[in-house]
Amino acid sequence: MATSKSKKKANTKAVLSSLIETLDLCESKVKDGSLGQVMEDLEYNFSMEDFWLKLGMTFRAVSKEATNLAVMFLKPPAPSAEDLEGMLTGFETAVIGLLTVFHSLPLSQGKALHKRLQIAIVNIVHDAKHFVDSLMKEGSKSSLVVNHPTGAIWESCDAFHRLPLDNKFAVLEVFITSSALVRDALTELDQIQSSNGHHNTNALHDVEEDDTVNEQGWSEKEAYLIPPCVGMVKACRSCLKKISDAIKTNGKTTSLEQINEMDEVAIIVTTVSPKVDDLVSGLYAPLNHNNLSENINQLADILVNLLEKSRDSQFTLEADNSWLDFLKKAVEHNKTKFVTIIAQGFES
C-alpha cells in the first residue's frame, strides 16, 4: 500500500516537473527574444484589433486553467497523475497560446510596445512556473500554499486591462516612469540642500562616532555649485512633461516612421533618470568636482538630444519651437553656470 502511494506521488511529481521544464524554456525564450520574427505575410495582414481580442482571450484562459488546477489541490487527497495530466495539458496549452499570440505582434508596431508586453508575458510565465512548482512541492498540504501563487497568476492576468494599447501609450508609460523618478530626485535634492550636503542628518544623532559622516557638509564655495545642478534637474522635469504632453496631443502610430520616431525618443528617455541619479547622488559632501562636472555635462547632452529629436519628430508642431528653444536655453544656461563656477573657484 505504501509502495503504491509512493509510486502515485512520484508519477504526479514527474508530470508537474515536466511542465516546469516547459515553462522554464518558454520564459527564457520570451526573455531573450528567441521566439523568432513574424513572417512577412502575417505582418502585412496584422490587425491590432484582432491581436488585442486574441491576447485578452489567452490571458483569461491562463487565469481560468490556473483556477481549475488550484481547485484540484485545495484539499487531500492529491489528484492522481492520470487526472492531473489532462488538467495540466489545458494549463500548458493556455500558456503556449499566450506566447503564440504575443509572437504574432510584429516589432514594426513599436519596440516600446513590444517590450512592455514582453514584460507582462514573462511575469505570467514566471508566476505559472512558481504555481506549478508549489503544487509539486506542497501538493494539498495547505490551501494557503496553493492560494498564494494562484493569486499571483490572477494578478498578472488582470494586468491585461492596464497594458498600453499601442506604441504611443507604451512610450507615454516610459515618460511616466522616468518623470516619477525625476520627481523623487528633486525631493531628495530638497533634503540634501536642507542638510547642507549631509547624507543622513539622523545619523548625526543616532550614531555617536561615525567616520563616514561628513559633519561639515559643503564648503562656502561648493554651495555655489548646487543651484545649477538643481536647475538642471528641474529643466529635466520640464522637458519630460512638455514632450510627453506633445506626444499625448499630437502623437500618431499610423506609419512606421511615426512609430520609430517615438521609439527613438523613448530610448533617450530611459537614460534620463539614471543620469539624474548619478548627478544627485554626487551632491552629498564631500563633493567630487570632476565626477559632478561629468554628470551635469552628460545630463545636459541627453536633454539637448531629447529636445532636438523631439523637434524633428511628427508630434511637435512649429508652434512648439518656442518652448523647445526655451528649455534648450535653460539646459545650456545651467551647464554654463556650473562650468563657470568650477573654472573660477576649483580648477588648479
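Started with Ser 134: I find its side chain reaching the backbone oxygen of Phe 131 at 2.6 Å. I'm calling that a polar contact, meaning a pair of N or O atoms within 3.5 Å, where within protein one must be able to donate a hydrogen and the other to accept it, and residues adjacent in sequence count only if both atoms are side-chain atoms.

Before going on, I note that this is a predicted model, where local features need pLDDT of at least 70 and side-chain atom pairs count only at pLDDT 80 or more, while totals for chains, interfaces and linings use all residues. Residues are numbered from 1 along each chain as its sequence is written, and side-chain values use heavy atoms, with hydrogens and water left out.

Where does Ser 134 sit? I place it in helix 5, residues 111-138. Ser 134 is buried at 9% relative accessible area (buried is under 20%, with a 1.4 Å probe and protein chains only).

Zoomed out next. I get 13 helices and zero strands for the protein chain; helices here are DSSP runs of H or I with at least four residues, strands runs of E with at least two. Of 348 residues, 44% count as buried.

Then I looked at helix 12, residues 289-311. Its 23 residues reach 33 Å from first C-alpha to last, close to the 33 Å expected at 1.5 Å a residue (that is, 1.5 Å times one less than the number of residues). At the N-terminal end, Asn 288 is the cap, with a side-chain oxygen 3.2 Å from the backbone nitrogen of Asn 290. I list Leu 292, Ile 296 and Leu 299 among the buried residues of helix 12. Their cover includes helix 9 and helix 13.

Note on methods
Buried means under 20% relative accessible area, exposed over 50%, partly exposed in between (1.4 Å probe, protein chains only). Contact means heavy atoms within 4.5 Å.
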